[in-house]
Amino acid sequence: MDIRVTLDGHPVGVSLNDSPAARDFTELLPLTLELKDFHSMERVADLPRKLDTSGAPAPAAAKVGDIAYYAPWGNLALFYQDGPAPSADLLVLGHLDVSADQLGRATRITIEAAS
């Protein structure tokens, strides 16, 4: 899935996995989301609707730079610190090629299909 991401107006490299949730996420594009801090570990934003979580891969702990979907709340999470233990409620969708510092300070993300 070829997408383009900017954090606070600066382009960053991104790759999404081929999970059903990641494919469903691309159906929401384009998106511009305001980010807020959560537990000094991740930046979060609400999505316009919940994603398809069928066929989710085995749970994995999020790592710095991961884009994830937290199913119970229906929100997007961008990790700037390594996440907690693996949870079936947290689905990693992909990864941003950005420093933890830049991600931890981000206030807005824009995600769109690449042309």
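Colleague: What makes β6 and β7 a hairpin, and which residue in the turn has a positive phi?

Modeller: In this predicted model, β6 and β7 form a hairpin with four residues between them, and Gly74 in the turn has a positive phi of about 70°. Strand β6 covers residues 66-70 and pairs with β7 in the antiparallel sense over four bridges, where strands are DSSP runs (E, at least two residues), numbered from the N terminus. Within this pair, Tyr70 stands opposite Asn75 in β7.

Colleague: How do you know that β5 and β7 pair?

Modeller: Two strands pair if DSSP finds at least two bridges between them, and β5 and β7 have five bridges, in the antiparallel sense, so they count as paired. Arg43 stands opposite Leu78 in β7.

Colleague: Why is Ala45 called buried?

Modeller: Buried means under 20% relative accessible area, exposed over 50% and partly exposed in between, with a 1.4 Å probe and protein chains only; Ala45 has 4% relative accessibility, so Ala45 counts as buried. Ala45 lies in strand β5 (residues 42-46) and touches Leu33, Glu34, Leu35, Asn75 and Leu76, leaving aside residues up to four places away in sequence, where contact means heavy atoms within 4.5 Å.

Colleague: What makes β7 mostly covered?

Modeller: Five of the five residues of β7 (residues 75-79) are buried. Asn75, Ala77 and Phe79 point one way from the strand and Leu76 and Leu78 the other way.

Colleague: What should I keep in mind about numbering and the predicted model?

Modeller: Residues are numbered from 1 along each chain as its sequence is written, and side-chain values use heavy atoms, with hydrogens and water left out. Because the model is predicted, local features need pLDDT of at least 70 and side-chain atom pairs count only at pLDDT 80 or more, while totals for chains, interfaces and linings use all residues.
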